[in-house]
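Please read each point with the sequence and the model in view.

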Amino acid sequence: MSIKHKMIRAMFGLMGLPTCEEVEQFAYDFLEGSLDSSTMKAVERHLKACKNCQRFIAAYRKTAALVKTFQRPMLDPEFKEKLFEFLVQKAGERV
């Protein structure tokens, strides 16, 4: 950890704000809005002062949005049947 990072961490501690590591740990709950109000406000104040965490939360938000749009790939029914037969055959060979 660099001296600059240690100083920033100490500054957030003195201000009663979460550290960058804590913001990372709270990211999911922060974006879901499931943190208690005081923690939510503390994270918001941290984000106003920390460009790195702003970028992290923005990337986390984009990743979460992409994951929500992910759709299961549809397998061709014939391929699916052949795959199932293959797996059953391989499982039978192990017994």
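A nonpolar core is a set of buried Ala, Val, Leu, Ile, Met, Phe, Trp, Tyr and Cys residues joined through side-chain atoms within 4.5 Å. The model discussed here is predicted.

1. The nonpolar core. The largest nonpolar core has 14 residues. Val23, Phe30, Val43, Leu47, Cys53 and Ile57 have the most contacts inside this core. Helices α2, α3 (37-49) and α4 each supply at least two of the core residues.

2. Leu47. Which residues does Leu47 touch, when those up to four places away in sequence are not counted? They are Val23, Phe30, Cys53, Gln54 and Ile57.

3. The packing of α2 with α4. Two packed helices are described by the angle between their axes and the distance between the axes. For α2 (residues 20-32) and α4 (residues 51-69), the angle is about 40° and the axes lie 10 Å apart. The crossing of α2 past α4 is right-handed. On the α2 side, the contact is made by Cys20, Val23, Glu24, Ala27, Tyr28, Phe30, Leu31 and Glu32; on the α4 side, by Cys53, Phe56, Ile57, Tyr60, Arg61 and Lys68. Sorted by class, the residues of this contact comprise 10 nonpolar, no polar and four charged.

4. The cysteines. How many disulfides does the model contain? The count is zero. For Cys20, the nearest cysteine sulfur is that of Cys53, 3.7 Å away. Because a disulfide requires sulfur atoms within 2.5 Å, Cys20 is in no disulfide. Cys53 is likewise in no disulfide, and its nearest cysteine sulfur, that of Cys50, is 3.7 Å away. Both residues are buried: Cys20 has a relative accessible area of 12%, and Cys53 has a relative accessibility of 4%.

5. His46. This residue belongs to helix α3. Is His46 buried or exposed? His46 is buried, because its relative accessible area is 0%, and buried means under 20%. Leaving aside neighbours within four places in sequence, His46 is in contact with Phe12, Leu17, Pro18, Thr19, Cys20, Val23 and Cys53.

6. Thr19. The position of Thr19 is in the loop between α1 (3-14) and α2. With a relative accessible area of 10%, Thr19 is buried. Apart from its neighbours within four places in sequence, Thr19 is in contact with Arg9 and His46.

Conventions. Residues numbered from 1 in each chain as written. Predicted model: local features only at pLDDT ≥ 70, side-chain atom pairs only at ≥ 80, totals over all residues. Heavy atoms only, no water. Axes fitted to C-alpha atoms, helices over the stretch in contact; angles between N-to-C directions. Helix = DSSP H or I, 4+ residues; strand = E, 2+ residues; numbered from the N terminus. Left-handed = near helix turned anticlockwise from the far one by under 90°. Contact = heavy atoms within 4.5 Å. Nonpolar A, V, L, I, M, F, W, Y, C, P; charged D, E, K, R; others polar. Buried < 20%, exposed > 50% of the residue type's maximum accessible area, 1.4 Å probe, protein only.
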